[in-house]
Amino acid sequence: MTSSLANAPLRIGAVSYLNTKPLVWGLRERLGDRGRLSFNLPSRLADDLHTGKLDVALIPSVEYLRDPSHRIISDAVIGCRGPVWSVRLLSRVPAAEIKRLALDEGSRTSAALLQILLWEIHGIRPEIVPFAIEQTPEAIDADAMLMIGDRAMHPAPRCYQEIWDLGDRWCRWTQLPFVFAMWVAREGVDVGDLAVALEASRDQGMESLEEIASREAAAHGLTNEDLYRYFAENLHYTLGPEERTALDEFRRRAVSLGLVPETNALNHTP
Ligand SMILES: C=C(O[C@@H]1C=C(C(=O)O)C=C[C@H]1O)C(=O)O
């Protein structure tokens with residue numbers, strides 16, 4: 001069954017972290033009764049798009065690469081061109097000695113990215129265990145943890161031997177930007193002119209970063225200035241030619257580790 005902006009409201013899922021605030025700025029109002037916006041962890045958005053509970057979602061890029069029927073519908077993305085701040089490896093041992101790695105339940109892309117980096121930099125493939133959203137790092141029985149989103153933005157205790165910013169690691173390792181998530185439609189869904197609303201929200205969000213930061217910072221234990229810098233300097237919200245190259249590079253490396261199935265090349269054009 002297809003749905004379109006003209007008839008049944010589109011079910012649209014966005015990431016529930018701070019990083020998404022500039023992408024959905026005014027989106028609910030722009031959609032009106034053409035779409036219903038809900039928020040969830042990135043991993044759950046991917047599952048809900050897959051099972052048909054959502055028509056469109058801001059899903060982890062690795063999930064887009066895993067399913068050739070997925071269609072990118074907008075050049076509004078969550079990416080970075082250096083340190084991203086909110087995607088971290090916290091390791092209790094030197095990274096080269098990690099044997100047991102706990103992966104944040106909210107993540108799919110950074111989970112794959114970290115396994116790629118550990119393999120390429122240190123030649124290791126640790127045993128993977130879950131790190132549930134309600135768990136604290138202290139409760140995890142592992143050598144290291146991947147933590148993403150809002151909970152990864154607070155200063156880490158001194159007990160870790162190594163802390164990696166995965167955006168920084170990838171960008172320095174490959175000399176490319178990175179794309180964590182993008183707006184994707186399920187096969188057969190007619191999105192009408194949804195792309196216009198998504199891009200307008202992103203563009204207005206980018207012009208309103210100070211206001212968004214001052215509205216959100218205190219509730220998350222951050223200063224307005226730090227949150228503004230996170231939006232303006234750490235994150236990058238547009239899919240351009242270099243980001244497309246980065247997606248191909250990420251895909252190639254993920255395929256070689258068996259994290260993504262081999263498929264025909266995708267062009268990543270909205
Ligand atoms: C920068 C981030 O990007 C995210 C990381 C994702 C992942 O690892 O699967 C998915 C969506 C984004 O929210 C973050 O969550 O901190």
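How many residues does helix H6 (residues 194-207) have, and how far does H6 reach from its first C-alpha to its last? The views below begin with that helix. This is a predicted model, in which local features need pLDDT of at least 70, side-chain atom pairs count only at pLDDT 80 or more, and totals for chains, interfaces and linings use all residues. Residues are numbered from 1 along each chain as its sequence is written.

**View 1. Helix H6.** H6 has 14 residues and reaches 20 Å, close to the 20 Å expected at 1.5 Å a residue. That expected span is 1.5 Å times one less than the number of residues. Helices (H or I, at least four residues) and strands (E, at least two) are DSSP runs, numbered from the N terminus.

View 2. Leu194, Ala197, Leu198, Ser201, Arg202 and Gly205 are buried. These buried residues fall within an arc of 130° seen down the axis of H6, so they line one face of the helix. The arc is that of the directions from the helix axis to the C-beta atoms. On the other side, Val196 and Glu207 are exposed. Buried means 20 or more other C-beta atoms within 10 Å of a residue's own, exposed 12 or fewer, and partly exposed in between, with C-beta atoms placed from the backbone.

**View 3. The two domains.** The domain assignment, automatic or from a database, gives domain 1 (10-77 + 178-240) and domain 2 (87-174). Their centres, taken over C-alpha atoms, are separated by 24 Å. The contact (C-beta atoms, placed from the backbone, within 7 Å) takes 16 residues from domain 1 and 15 residues from domain 2.

How values were computed
Contact = placed C-beta atoms within 7 Å.
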